[in-house]
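Hi,

Here is the structure I promised to pass on to you.

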Amino acid sequence: MLMYLCILVLPFLPASNIFITVGFVVAERVLYIPSIGFCILITYGLRKLRNSSRFYWMWQSCTIILIVLFMARTVIRNKDWKSRETLFTSGLTSVPHNAKVHYNFANLQKDLGNFDTAVEHYRMALSLWPNHASAHNNLGTLLSDTKEAEHHFKLALLINSHHPRALFNLASLYSKQGRTQVSQELLQRAIELDKEFIEAYSSLATIYAEEGKLDEAESLHLKALSMDPNNADSFNNYGTFLQKSGRVEEAVQQYRQAMRLQPNHTVAIVNAARSLRALKNNREAEELYKRALSINSEPKIMDNLGVLYISAGRIAEANKLYKELHEKYTDYVEGRVHFAQVLMQERSFQQAEMLLQSVIQENNTHRDALHQLSLLYSQVNRTTEALEHILKSLNLCSSSETACAQLHADHGDILKDLKQWEDAAQGECHQALRHYHEAYMLDPDNQLLHENMRKLKLHLVDGSGACDSEQPATCKSR
C-alpha cells in the first residue's frame, strides 16, 4: 500500500510548488504517473476488501463514482484542447492570477494580430512575474514607443544575458536608429549563443551590405540558406540583397523559390512584382500584386498596384483602386499622396490639393507630399508657392539619394518658369542649370534630364550666360 501511495504522490511533488516554484499550471502530463498509482491503489483495495462484503461494496461504489466523474471531466477537458485558443482561454479562466497563463494568452493574441490585447496580457504577466525575460522581450516587439521597447529588451537581457531573441530585437531597433555598429555587435553575440539563428544571419548580412561589404553579406545569406534550404524568408532576404546590388534577374529567381516554398509569402510576392516592374514586365508584376491582395488586402500592396497603374498610364484603373483604398484605409498616408497624383493627371487639382494638404498638416516633413504639391502649384501657375514647396522637399534630401534626382530636376523647371536665370551672378551658373546638373549626377541615364539641360543651355547661349557644351555642369560668364 505504501509503495502504491508513493507512486501516486511522489511524481506530483516536483510540480506542486511546495519545494520550488515551477512557474506553470499543473498540466495533464504531470498527472500521468500519479494516475497509474491511483489505478493500482484502487485495484489493490478491491482485492484486499473482497472478503468484506460491506467495505468491498462501499469501495466499489466509490470507485465507480470516481471513474464516471473522471470520464465526464475528461470529456469536458477535451473541449478545451480543441484549439490553442480554447486551451489558453480556459487556463485564463481557471487561474487568472498565474503569470504563465497570461504570457501564453498574450502570445496567442499576438499571433492572431490582436496586438492591444497581447500588450495588456504581457503587462499582466509581468505584474505577476517581473523577472519573466521572454515576456519583456515579446512586449518590446509590440510597443510603438521605441524608448519603452528598448527598456524592455534591456530588462530581458538583464534578467537573462543569454537571450538570443532579445539581443536580435534590440539590434533591429538600433539598426533602424542608424546605430549600426552596436547593432552589429548584438547580432554577432546572438549568433554566438545560437549558431542556427537564421534571422540574425540575414540581419547581419543586411548591415554588411549597407557598409559595402558585399562579399561578406552574400556569404552570410548563403550560409543561412545552407542551414535551412526550405526557409522561404531566407530566399526572400537573399533576393532583396541581390535586387539592391543591381542583380535584378537573380533576385527574381530567389523570390520565385520563396514563393514555391511558401505560396502565401506576400512579402516575396510583392518583392518579385517590384523586380519584374524594374525589368519592364508589368503584366506579370500586376498578376503578382493581385495574387498578394487575394491573400492579404494590405493597403501597401494596393498602393503598389496603384503605382504600377500610374506608371503604365492606366489612370482610370488607378483612380478606381485609390478610391477603394482611400475609403478602406483613410489614414494610409502614401495612398493619399499617390491618389493626389492620379487626381492631378485628371486635372482635379482642388481635390488633389486637399489630399496633399491633409498629409502635410499631419507631417510637415513628408517629402513626397511636399514634392507633389509643388508640382500641382506649378501646373496651375502658382509658381512662387511651387518654389516654396520644392525647396522644403529638397531640404529633406541627402546628397546621395537617387530618389532626389527628380526633385532637383523639378526645381530646375520651376526656376526656369520663374525666369530666374536672368538673376545669375557673374562667373556662376544660374540655379536651374545647377539643379539639373545635381539631378544628372544622381541619375545620369535619365534622357529627359539630358534634353532639358540641352534646351536650357541653348537658351543661355542666346541670353546672358554661356555654357560649355562638353560639360553639363560647367558654365562660364561671357
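Let me start with a side-chain contact: Arg 189 and Glu 192 form a salt bridge, with an N to O distance of 3.7 Å. By salt bridge I mean a side-chain nitrogen of Lys or Arg within 4 Å of a carboxyl oxygen of Asp or Glu. The two residues sit three apart in helix H10 (residues 180-193), so about one helical turn separates them. Helices here are DSSP runs of H or I with at least four residues, strands are E runs of at least two, and both are numbered from the N terminus.

A word on the source: this is a predicted model, where local features need pLDDT of at least 70 and side-chain atom pairs count only at pLDDT 80 or more, while totals for chains, interfaces and linings use all residues. Residues are numbered from 1 along each chain as its sequence is written, and side-chain values use heavy atoms, leaving out hydrogens and water.

The whole structure holds 19 salt bridges. In another of these pairs, Arg 382 meets Glu 353 at 3.5 Å between the closest N and O atoms. This pair links distant parts of the chain, 29 residues apart: Arg 382 lies in the loop between helix H21 (367-379) and helix H22 (383-394), and Glu 353 in helix H20 (residues 349-362). Glu 353 is buried at 19% relative accessible area, whereas Arg 382 is partly exposed at 29% (buried is under 20%, exposed over 50%, partly exposed in between, with a 1.4 Å probe and protein chains only). Shared partners also join Glu 286, Lys 290, Arg 314 and Glu 317 into one salt-bridge network.

Best wishes
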